[in-house]
Amino acid sequence: MPTVHLLDYVAGNVRSLVNAINKVGFEVEWITSPADIKNAERLVVPGVGHFGHCLSQLSEGGYLEPIKQHVESGKPIMGICVGLQALFEGSEEDPDVPGLGIVPMRMKKFNADTKSVPHIGWNSALNTSSESQTFYGLNPESKYYYVHSYAALYQPGVLEKDGWSVATATYGDQEFIGAIARGNIFATQFHPEKSGQAGLRTLRAFLNGDRSQPIGEVCSGEKPKGDGLTRRIIACLDVRTNDDGDLVVTKGDQYDVREKVGMGAGGQVRNLGKPVDMAKRYYEQGADEVTFLNITSFRNCPVADTPMLEILRRTSETVFVPLTIGGGIRDTVDPDGTRISALDVATMYFKSGADKVSIGSDAVIAAEQYYTSGEKLTGETAIETISKAYGNQAVVVSVDPKRVYVSDPSDTKHHTIRTKYPNSAGQSYCWYQCTVKGGRETRDLDVRQLARAVEAMGAGEILLNCIDKDGSNSGFDLELIDDVKGAIKIPVIASSGAGVPKHFEDVFRYTTTDAALGAGMFHRGEYTVGQVKEHLQNEGFLVRNFEAGPN
């Protein structure tokens, strides 16, 4: 197969990019030193995380001048995410670190007053030209996966007059650059390797040198207007070993995953299917993301041999949307006594194909310590170390709160809401108590305290479960979601309680949640991801339609 050279100079999930490049018919050769760039015909420069950290690594590694020389030689070069941002003069994220200066603009931070930041989700890439051509297969009807806090805000005509082709997206009231191209240069703010068939089409077009195509060959209809952000539907798979030692997807009520025997518990672990096969099925149904929650500890297994690593490796070969892994992301000690940090554990998952890691009970403990210290950051928690190395978009905090009813707000020191659903004792106020250990142990911490603490530590997203709703198929806890959304600026994923497509409609209609997650209703085959999206579309919500592609 033909070859593309890949420069891996920053931390992040490059396995998915390699898999995507292989998928479209190219082999990868790694750039391991600045001298290797001279031998590169097609060069891809990916990047995730902090602009200053990435550009500093490029500079310290001696890569900046060889990259400039590659650009000047006229040979193809593609930048992805921070790889796009590196082409610009600089960024507000680190004003003291210069970019390559090829594009005379600077990155600005999104306005967090109107939308959640980071911008995480599927958005447009609309060609600003009125010509009937699109560049590198970009489709005005397609959606592409973005995850970033800083962007080049679009200024009509400024880059176009210098010969740049520009595609934009809109987030809230801010239009920003999603992709640019000129001559041998192509760069995307979105991640093509995580954008399904639309992303693979764009990657294939660049690597094959197919710069321009008539728009009619890739789409039909008018360009959409306004904010192109879709509603994210996430499929979640709880993974554990069953009694025979096989890894299976399971699901329970209030975290009890064993089948009932007679009137009690004690049966076999509920087996709903194989993780890799189910993840691929949900991807093909149109899931916008797939989340694996590891609910088996694997205490006697070396971290490097944890079965979840193999699941990620195999899944990332066929699933080209973001993958999140939760469970076991903490400081640990291997069976041989070797101490392994949470950052090292996360690194293993990222190298195996994960895009995000989810932290649960350890986040609660870290939040308690945060408040005990007078809201001071230590820089040593799992959230802080991982987000510093990989960017806050790579860290999700999974929260498992439960309702505690009180007669009056003065009965507790915690933040309360007046609920529309009083308990049997007639108490109409409640607060949401955080739990650990899969909901088995409560803590003296409310959900708003936790959300604010982990946001300060650098978490990029909250996965908001609800013990009272889990397995109930009665819909999401809208009051809980509103309570947390009102406390923080980072995105929130609504979880627990989805049983029918209308529950997704309700959570998007009556709250400002950024995404919604389903599990049991998908696993049991009651509804597909596609049916949920079809329902949302019929109700007027913008969703990403699954695109079929070549095998």
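Modeller: At 7% relative accessibility, Asn465 counts as buried, where buried means under 20% relative accessible area, exposed over 50% and partly exposed in between, computed with a 1.4 Å probe on protein chains only. The model is predicted, so local features need pLDDT of at least 70 and side-chain atom pairs count only at pLDDT 80 or more, while totals for chains, interfaces and linings use all residues. Residues are numbered from 1 along each chain as its sequence is written, and side-chain values use heavy atoms, with hydrogens and water left out.

Asn465 is located in the loop between β28 (461–464) and α12 (478–485); helices here are DSSP runs of H or I with at least four residues, and strands are runs of E with at least two, numbered from the N terminus. The Asn465 side chain forms a polar contact with the side chain of Asp400 at 3.1 Å, a polar contact being a pair of N or O atoms within 3.5 Å in which, within protein, one must be able to donate a hydrogen and the other to accept it, and residues adjacent in sequence count only if both atoms are side-chain atoms.

An unreviewed UniProt entry lists Gly328 and Asn465 under "binding site"; such annotations may be inferred rather than shown by experiment. Gly328 sits in the loop between β19 (323–326) and β20 (332–333), and with 32% relative accessibility Gly328 counts as partly exposed.

As for the helix pair, the axes of α7 (residues 307–315) and α8 (residues 342–352) come within 8 Å and cross at roughly 30 degrees. The two helices, α7 and α8, are therefore roughly parallel to each other, a term for angles under 35 degrees.

Definitions and conventions. Axes are lines fitted to C-alpha atoms, for helices over the stretch in contact, and angles run from 0 to 180 degrees between N-to-C directions. Angles under 35 degrees count as roughly parallel, over 145 as roughly antiparallel, 65 to 115 as roughly perpendicular and the rest as oblique.
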